[in-house]
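Hi,

Here is the structure I promised to hand over. Have a look at it first, and then read on for my notes.

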Amino acid sequence: MWYVVQVRTGTEESIRKQCEKNIGAGVLNDCFVPYYEERRRIRGEWATLRKVLFPGYVFIVTEEHEELYKNLKTVIGLTKLLGTGREIVPLTEKEQKLLEKMCGRGHVVEMSEGVIEQSQVKVMRGPLMGMEGYIRKIDRHKRKAWLELKMFGRRQMVQVGLEIVAKS
């Protein structure tokens, strides 16, 4: 099961490293911070940068949620384990599948390419193929798209890289 830990924004990687160090291998199957790629022009050169997909969140995969809860007390800087009241709640199957489809094994949403045909976005290549319905806004100049996803029990606006190569 996938669980989400809320942390201070900007400390995701240090918390992930602490989790891997402090939580036993028998409890922790995986611990990751999902990223997305974006393309930027820096000093005249195009560069691909990686940014945190969900700022302020670290994802933990485990089947031992009681042991996880005990071990997380040794991690410094956690805000909370997401849940409802006193109950720790994992991501739903739908949320998990959506993240797996977008991020793949490397936990990175790669750049997608698309076209705009008659005011409709059509993604031709990349992890956003078939996910056009989630796109709420596009910035062609910054090569970004904002997706509206239902995650953590609420609606989240998430930035991802999308390059529009043609418009008709």
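**Helix 1 and its buried side**

The buried residues of helix 1 are Glu12, Ile15, Arg16 and Cys19, where buried means under 20% relative accessible area, exposed over 50% and partly exposed in between, with a 1.4 Å probe and protein chains only. Seen down the axis of helix 1, these buried residues fall within an arc of 105°, so they line one face of the helix; the arc is that of the directions from the helix axis to the C-beta atoms. Lys17 and Lys21 are exposed, on the face turned away from that buried side.

Before going further: this is a predicted model, in which local features need pLDDT of at least 70 and side-chain atom pairs count only at pLDDT 80 or more, while totals for chains, interfaces and linings use all residues. Residues are numbered from 1 along each chain as its sequence is written, and side-chain values use heavy atoms, with hydrogens and water left out.

What do the buried residues of helix 1 pack against? Their partners are strand 1, strand 2, strand 4 (45–52), strand 5 and strand 6, with contact meaning heavy atoms within 4.5 Å. Helices (H or I, at least four residues) and strands (E, at least two) are DSSP runs, numbered from the N terminus. Helix 1 (residues 12–22) lies across strand 1 (2–7), strand 2, strand 5 and strand 6, at about 25° to strand 5; axes are lines fitted to C-alpha atoms, for helices over the stretch in contact, and angles run from 0 to 180 degrees between N-to-C directions.

**The sheet and a hairpin**

Four strands make an open sheet in the order 2-5-1-6, with antiparallel pairing; two strands pair if DSSP finds at least two bridges between them. Strand 2 (30–32) and strand 6 (78–81) are at the edges with a single partner strand each, so one side of each has no neighbour in the sheet. The twist averages 25° from one strand to the next. Strand 2 is joined to strand 5 (residues 57–61) by three bridges, and Asp30 has Val61 as its bridge partner in strand 5.

Elsewhere, strand 12 (residues 135–139) and strand 13 (residues 144–151) run antiparallel, joined by four bridges. They form a hairpin with four residues between them, and Arg143 in the turn has a positive phi of about 60°.

**Cysteines**

There are zero disulfides, taking a disulfide as a pair of cysteine sulfur atoms within 2.5 Å. For Cys31, the nearest cysteine sulfur is that of Cys19, 4.4 Å away. Cys31 is buried, at 4% relative accessible area.

Best wishes
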